Amino acid sequence: MVGVAESRQTNELAAESPGGPRKLDDESSKTLIVEDFSNPRNQWRTLNDPVMGGQSYSRIKIDEGVAHFLGRCEIVPKLGAPGFVTMATGNRFGQVSSFPDLSTCEAFEFVLKTNVDYEGYRFSFGKAHPKGGRFAYGFKSPLPMSDLPPVGEFGLVRIPFHRFSDKWNDATGEIEVECADDARFCPTKKWLRTPEQLSFWGEGVEGAVDLKIQSISAVGCDPNASGEAIAPSKIVSNFHSVMSNPFFLAMMLVLCLLICSIGLSCYCCYRCGKRSRDFQTEDFEVTKLTTENVSCEDEQDPEESEVRYRDTPAIVGVEFT
């Protein structure tokens, strides 16, 4: 990979959980490739702050085995605070990404470099949505400059899973409750088995974003762990996207209401049309029956008509001869 020989330093984000370092340093542990940008298996796109007139921008280019995430995090005028930019896969409704089962692993490991001194880098995975959360979803961890390789140099960056939390501020991206302080917000086996989405962020800090990533791996895995990438079903992935994001949920509710309204309108039109046709049929049958009765009377025998006429009681003042 390009430039890895320049710097092979490993950066740990704070202290490991008990037993963590032993497993990470254990020669019998296995490393799983999550994404290799020399041959990426997933589709990566950028997404910028779309709300309240956000002005941040970004783009991604994958070339020569490197994903180049380039952009700028700007102040959102109506909020008076920095917005965000992301480079992500699996985060869009209808998009399904594939990853290996990471439930036996201990940490993410990246080969990357930053070309600028920027304190708003973050990384997230999964679609977990904490109770009481609004737009924030997924487990997130900061990537501070103190834990990254020197500016302009590739290096290894390692983030233990216990440094991630899904209780973070959706306006700033800052962790509000650490996993170490409340286990309810720690990554779960469910989302480690099928992460569904990965995202690099530039968030909560105004400034230029310039990050190059060569690979994403999971380290400290069980020796028998499979590196096969598995994609969840599209139905399950879309359901998680809807339930994790109030925006998607609102869109689905509006869509359901629209479909129900159209369906109800069609049903009412059908019932009205059917009733109108029934009335027309009844009128036709009555008219037909009346016509047939008149025709029958006209076709009676003249002698029978004369007898009936003579047997009819006389009207006062009228004599029959």
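This report describes the fold content, nonpolar cores, cysteines and selected local features of a predicted protein model.

**Basis of the values**

The model is predicted, and local features need pLDDT of at least 70, side-chain atom pairs count only at pLDDT 80 or more, and totals for chains, interfaces and linings use all residues. Residues are numbered from 1 along each chain as its sequence is written, and side-chain values use heavy atoms, with hydrogens and water left out.

**Overall organisation**

The protein contains five helices and 14 strands; helices (H or I, at least four residues) and strands (E, at least two) are DSSP runs numbered from the N terminus. Of its 321 residues, 40% count as buried. Here buried means under 20% relative accessible area, exposed means over 50%, and partly exposed lies in between, with a 1.4 Å probe and protein chains only. The accessible surface comes to about 18,100 Å², and carbon and sulfur atoms hold 56% of that area. Accessible areas come from the Shrake-Rupley method with a 1.4 Å probe, and for residues only the protein chains shown count as cover. Among contacts (heavy atoms within 4.5 Å), those between residues 24 or more positions apart make up 77% of the contacts with a separation of 6 or more.

**Nonpolar cores**

In soluble globular proteins, nonpolar side chains tend to be buried together. A nonpolar core is defined as a set of buried Ala, Val, Leu, Ile, Met, Phe, Trp, Tyr and Cys residues joined through side-chain atoms within 4.5 Å. The largest such core has 39 residues, and the members that touch the most others are Phe108, Phe110, Phe123, Leu198, Phe200 and Ile216. Strand 14 (residues 207-221) supplies the largest share of this core, six residues.

A second, separate core consists of five residues, among them Phe84, Ala136, Trp168 and Trp201.

**Cysteines and disulfides**

A disulfide is a covalent bond between the sulfur atoms of two cysteines. With the criterion of a pair of cysteine sulfur atoms within 2.5 Å, a search of the whole structure finds two disulfides. The table sets out their geometry.

| Disulfide | S to S distance | Torsion about the S-S bond | Handedness |
|---|---|---|---|
| Cys105 and Cys221 | 2.0 Å | 105 degrees | right-handed |
| Cys179 and Cys186 | 1.9 Å | about 100 degrees | right-handed |

Counting the bonded cysteines along the chain, the disulfides follow the pattern 1-4, 2-3. Cys105 is buried, with a relative accessible area of 5%, and Cys221 is buried at 0%. Cys179 and Cys186 are both buried as well.

Cys266 is in no disulfide, and the nearest cysteine sulfur, that of Cys269, is 6.5 Å away. Cys269 is likewise in no disulfide, with the sulfur of Cys266 as the nearest cysteine sulfur. Cys266 counts as partly exposed at 49% relative accessibility, while Cys269 is exposed, with a relative accessible area of 57%.

**Residues with positive phi**

Glu64, a residue other than glycine, has a positive phi near 55 degrees. Glu64 is placed in the loop between strand 4 (57-63) and strand 5 (66-73) and is exposed, with a relative accessible area of 66%. Glu196 also has a positive phi, of about 70 degrees, although it is not a glycine. Glu196 is in the loop between helix 2 (189-193) and strand 13 (198-203); Glu196 is buried, with a relative accessible area of 3%.

**Surroundings of Ser199**

Ser199 belongs to strand 13 and counts as buried at 4% relative accessibility. The side chains of Ser199 and Gln197 are joined by a polar contact of 2.7 Å. A polar contact is a pair of N or O atoms within 3.5 Å; within protein, one must be able to donate a hydrogen and the other to accept it, and residues adjacent in sequence count only if both atoms are side-chain atoms. Apart from neighbours within four places in sequence, Ser199 is in contact with Met87, Ala88, Arg122, Phe123 and Ser124.
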